[in-house]
Amino acid sequence: MPGEDNIATHVRRPRDLTPADWDDIWTLTDEFFDVERGYAEAELRKRERIALFRMNGALLGMASITIYGEKFRGRRVAVINTSHVLIRENWRGRNLLQKLGFRTFLATRLRYPLRPIYWFFDTFSYKSYLLLPRNFRRFWPRHDEPTPESRAALIDQLATHLYGPAWRPARGIAVRSGQKRLRTATAPLALSADTSPDIRFFAAANPGHAEGDMLVCLCPLTLGNWLSVARRALARRERVQPH
């Protein structure tokens, strides 16, 4: 694919980022979010790692990542928590996040060789939610089945620790902080007769997304799920390659 080989993914600790990096991060953040720079940077500095996607020096996208261990019902699990995931529109569909996800999974597997690994995140954008149905076989919440009790309990435990009083378990939502919301043009959501069931589900499950409410999601990073990611990534690559 033209230009794809020139895209570099840099994963850094927040303290290792340069002032120029932070300026680029703010420029990107300001395109997507209505948020104060000080608040956004303070939140990012709490994260373990920040991934930056660059090509010829230009910042195409980013994600913040924290990996940690958790004990759930007597069993130890590993958690990959992501936030502030942003990709400029013309660079979507290039599997950048999927490649970063697998790289992060391998790093987590080295740290926790015997534990089940889960991807845990929140979103107030239907575009981020669609990463699940467009890549994975098993994830929650979803439109075509209720969340199994054990998975709902794990979501509740992780979300209680992360969001505290902002977590609403009955709704599966972390309510808005008032500090950060999507800009109106970032991911406008207008339903129509041909809207996909996944987007309809997101709109119904998180009606306050435009004001900053976040739908909390869980995805087990199993072999079956990674095979699904690989198949769908290849299909996307074939669609965009010139013939």
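Modeller: Happy to! Helices (H or I, at least four residues) and strands (E, at least two) are DSSP runs, numbered from the N terminus. What you see is a predicted model, where local features need pLDDT of at least 70, side-chain atom pairs count only at pLDDT 80 or more, and totals for chains, interfaces and linings use all residues. Residues are numbered from 1 along each chain as its sequence is written, and side-chain values use heavy atoms, leaving out hydrogens and water.

The chain has 7 helices and 10 strands, and its C-alpha atoms fill a box of roughly 45 × 45 × 45 Å along the principal axes. Of its 243 residues, 49% count as buried (under 20% relative accessible area; exposed is over 50% and partly exposed is in between, with a 1.4 Å probe and protein chains only).

Now to your pocket. On a 1 Å grid over the protein atoms alone, a pocket is an open set of points with protein on both sides within 12 Å along at least five of seven lines, a cavity is a set of points where a 1.4 Å probe fits but cannot get out, and lining residues have an atom within 4 Å of a point. Grid points are joined across faces, edges and corners, and a volume is the space filled by probe spheres set on the points.

The largest pocket holds about 830 Å³ of space. Its lining has 37 residues, and those nearest the centre are Ser 83, His 84, Asp 122, Lys 180 and Met 214. By class, 19 of the lining residues are nonpolar, 10 are polar and 8 are charged (Ala, Val, Leu, Ile, Met, Phe, Trp, Tyr, Cys and Pro are nonpolar; Asp, Glu, Lys and Arg are charged; the others, Gly among them, are polar). At least two lining residues come from each of helix H2 (37-45), E5, E6, H4, H5 and strand E9 (180-182). E5 gives the most, with 7 residues.

Let's stay with strand E5 for a moment. The phi of His 84 is near 50°, a positive value in a residue other than glycine. His 84 counts as buried because its relative accessibility is 8%. Compare Arg 73, in the loop between strand E4 (58-72) and strand E5 (75-87). Its phi is also a positive value near 50°, but Arg 73 is exposed, with a relative accessible area of 53%.

Leaving aside residues up to four places away in sequence, Ser 125 touches Leu 182, Ala 187 and Phe 202, where a contact means heavy atoms within 4.5 Å.

Phe 202 leads us to helix H6 (residues 197-205), whose buried residues are Asp 198, Ile 199, Phe 201, Phe 202 and Ala 203. The buried residues of H6 pack against E6, H4 and strand E10 (214-220). A cis peptide bond, with omega about 0°, joins Trp 140 to Pro 141.

The search of the whole structure finds 1 cavity of 30 Å³ or more. It is lined by 18 residues, with Thr 82, Leu 97, Leu 100, Gly 101 and Trp 119 closest to its centre. The volume of this largest cavity is about 290 Å³. E4, E5, helix H3 (96-111) and helix H7 (223-240) each supply at least two residues of its lining, and H3 gives the most, with 6. This lining has 13 nonpolar, 5 polar and no charged residues.

Finally, E4 links us to strand E3 (residues 49-55). Because 6 of its 7 residues are buried, E3 is largely enclosed by the rest of the structure. Strands pair if DSSP finds at least two bridges between them. E3 and E4 run antiparallel and are joined by 7 bridges; for example, Ala 51 has Ala 63 in E4 as its bridge partner. The two strands form a hairpin with 2 residues between them, and Asn 56 in the turn has a positive phi of about 50°. E3 also pairs with strand E1 (residues 7-12) in the antiparallel sense, over 6 bridges, with Arg 54 in E3 as the bridge partner of Ala 8.
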